[in-house]
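Hi everyone, thanks for coming.

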Amino acid sequence: MVFVFPALLASLAVLGNASPVAQPAITPAPKAPVAKRATSCTFSGSNGAASASASQTACSTIVLSNVAVPSGVTLDLSKLPDDTSVIFQGTTTWGYKEWAGPLLQIQGTGIKISGASGALLNPDGARWWDGGGGSSGKTKPKFFAAHNLISSSITNLHIQNTPVQAVSINGANGLTITGMTIDSSAGDSQGKNTDGFDIGSSTNVVIDGANVYNQDDCVAINSGTDITFQNGVCSGGHGLSIGSVGGRDNNVVDTVTFYNSEVKNSVNGIRIKGIENDTGTIKGVTYNKITLASISKYGILIEQNYDGGDLDGGTASSGIPITGLTIENISGSGAVSSSGYDVVVTCGSGACTGWTWSNVVVTGGKKYAKCTNVPSGVACS
Ligand SMILES: *[C@@H]1O[C@H](CO)[C@@H](O)[C@H](O)[C@H]1NC(C)=O
Ligand SMILES: *[C@@H]1O[C@H](CO)[C@@H](O)[C@H](O)[C@H]1NC(C)=O
């Protein structure tokens with residue numbers, strides 16, 4: 001237990017809270033106005049998560065140093081005052097339990113989350129991995145609910161071996177994630193649904209320089225506006241995905257850019273999925289300067305007949321138009337396995353318009369014979 005700070009005690013006293021040293025955990029919400037919160041608090045060990053959660057309003061900087069989060073507990077920093085900094089130090093661990101999670105939750109405005117040099121967030125997902133992913137076998141906790149982060153940043157976090165999905169971004173407006181590593185490569189035989197970034201209902205999100213080693217989507221954007229993923233590396237998973245779009249509360253994807261990134265050792269390179277017979281919008285999506293290598297099934301897969309599985313044979317529908325799509329500077333010479341397909345485009349009637357397709361080189365696999373309603377200039381089959 002490391003939460004003994006003269007400054008924290010002073011601030012608690014100012015707030016009229018007479019908590020003894022051992023119990024900053026019962027700090028109530030401060031009464032406004034809070035004069036100063038220039039307090040840095042460090043939390044460690046098995047009480048660290050509870051103490052940090054309870055002290056959110058008292059600390060302008062929260063240092064989580066070698067925190068061991070007990071089983072079945074969320075490391076919960078969802079009530080942070082504006083402009084709080086959260087710094088992970090050493091190794092953060094989580095106990096084992098079959099539950100839905102999340103294991104980590106951070107929310108607020110002007111929040112600066114960072115990993116100190118050498119810091120590791122290690123939920124040790126192998127304890128849950130059984131090949132069943134999110135749909136069968138053990139109930140596996142989702143890892144990081146990065147929800148409702150406004151004008152915030154996440155810098156240099158290194159996450160290792162998530163039980164299932166790693167980072168869920170929802171309700172963000174103005175979030176920059178820089179230099180994040182998500183390495184669940186140890187799950188290549190039993191890990192499943194270990195998505196890197198799942199993004200929904202968010203605006204102005206930039207993910208720069210991420211390294212994702214996993215077994216599902218590297219990035220999946222179900223909805224949102226002004227989202228950029230750049231300078232990233234994706235390995236082992238299902239590629240750079242829009243969707244699936246449709247059937248949710250928010251079914252609008254508008255202005256998304258994937259730029260200067262590499263997808264390797266993956267099932268797909270680039271993928272856009274509109275759910276058959278649903279409604280929504282996919283507009284202004286750009287993939288530029290993407291390098292593909294060792295893709296097993298689809299170099300580029302764009303479908304409006306998604307029904308839970310790839311190319312299940314349904315008829316592409318027109319309720320989720322894909323407009324203003326740009327695919328350019330894609331380097332994938334010999335990238336696709338000989339049993340896979342280079343490019344698949346299945347559009348509904350009139351539902352794919354305003355596409356730019358230039359300098360796309362994706363080869364190695366088969367040509368797909370059943371592309372439908374392919375916009376002019378697009379090489380499919
Ligand atoms: C989509 O609608 C068509 C026409 O009503 C129907 O034949 C088809 O089965 C539907 N597809 C799905 C996946 O529900
Ligand atoms: C992408 O390709 C276009 C032409 O297809 C070219 O004008 C542009 O400079 C390229 N951009 C990058 C970032 O390579």
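Let's start with ligand 1, which has Glu276, Asn277 and Asp307 around it; here a residue is near a molecule if one of its heavy atoms lies within 4 Å of it. Before going on, a word on the ground rules: this is a predicted model, where local features need pLDDT of at least 70, side-chain atom pairs count only at pLDDT 80 or more, and totals for chains, interfaces and linings use all residues. Residues are numbered from 1 along each chain as its sequence is written, chains are lettered from A and ligands numbered from 1 in the order in which they are written, and side-chain values use heavy atoms, with hydrogens and water left out.

Back to ligand 1. In the side chain of glutamate 276, an N or O atom sits 2.8 Å from a nitrogen atom of the ligand. For asparagine 277, a side-chain N or O atom is 2.3 Å from an oxygen atom of ligand 1. How much of ligand 1 does the protein bury? The figure is 32% of the 360 Å² that ligand 1 exposes when taken alone; accessible areas come from the Shrake-Rupley method with a 1.4 Å probe, and for residues only the protein chains shown count as cover.

Asparagine 329 has a side-chain N or O atom 2.3 Å from an oxygen atom of ligand 2, and a polar side-chain atom of serine 358 is 2.8 Å from a ligand oxygen. Of the 360 Å² of accessible area that ligand 2 has on its own, the protein covers 46%.

Let's zoom out to the chain. The secondary structure comes to two helices and 27 strands. Of its 381 residues, 51% count as buried, meaning under 20% relative accessible area, with exposed over 50% and partly exposed in between (1.4 Å probe, protein chains only). Among contacts between residues at least 6 apart in sequence, 68% join residues at least 24 apart, where contact means heavy atoms within 4.5 Å.

Inside, the largest nonpolar core holds 90 residues, and Phe88, Ile169, Phe197, Ile242 and Tyr287 touch the most other members. Strand β22 supplies the largest share of this core, ten residues. Such a core is a set of buried Ala, Val, Leu, Ile, Met, Phe, Trp, Tyr and Cys residues joined through side-chain atoms within 4.5 Å. Leaving out residues up to four places away in sequence, the neighbours of phenylalanine 197 include Val167, Ile169, Met180 and Phe229.

A polar atom of its side chain is 2.8 Å from the backbone oxygen of threonine 194. Not counting residues up to four places away in sequence, asparagine 214 touches residues including Ser184, Asp188 and Gly236.

Finally, the backbone geometry. Glycine 101 and proline 102 are joined by a cis peptide bond, with omega about 0°, and proline 102 is in the loop between β5 (91-94) and β6 (104-109). The bond from glycine 243 to serine 244 is also cis, with omega near 5°, and serine 244 has its place in strand β20 (residues 240-245).

Asparagine 161 is not a glycine, yet has a positive phi of about 60°; this residue counts as buried at 11% relative accessibility. Asparagine 193 likewise has a positive phi of about 60°, and is buried at 17%.

Terms used:
Polar contact = N/O pair within 3.5 Å; in protein donor to acceptor, adjacent residues only side chain to side chain. Helix = DSSP H or I, 4+ residues; strand = E, 2+ residues; numbered from the N terminus.
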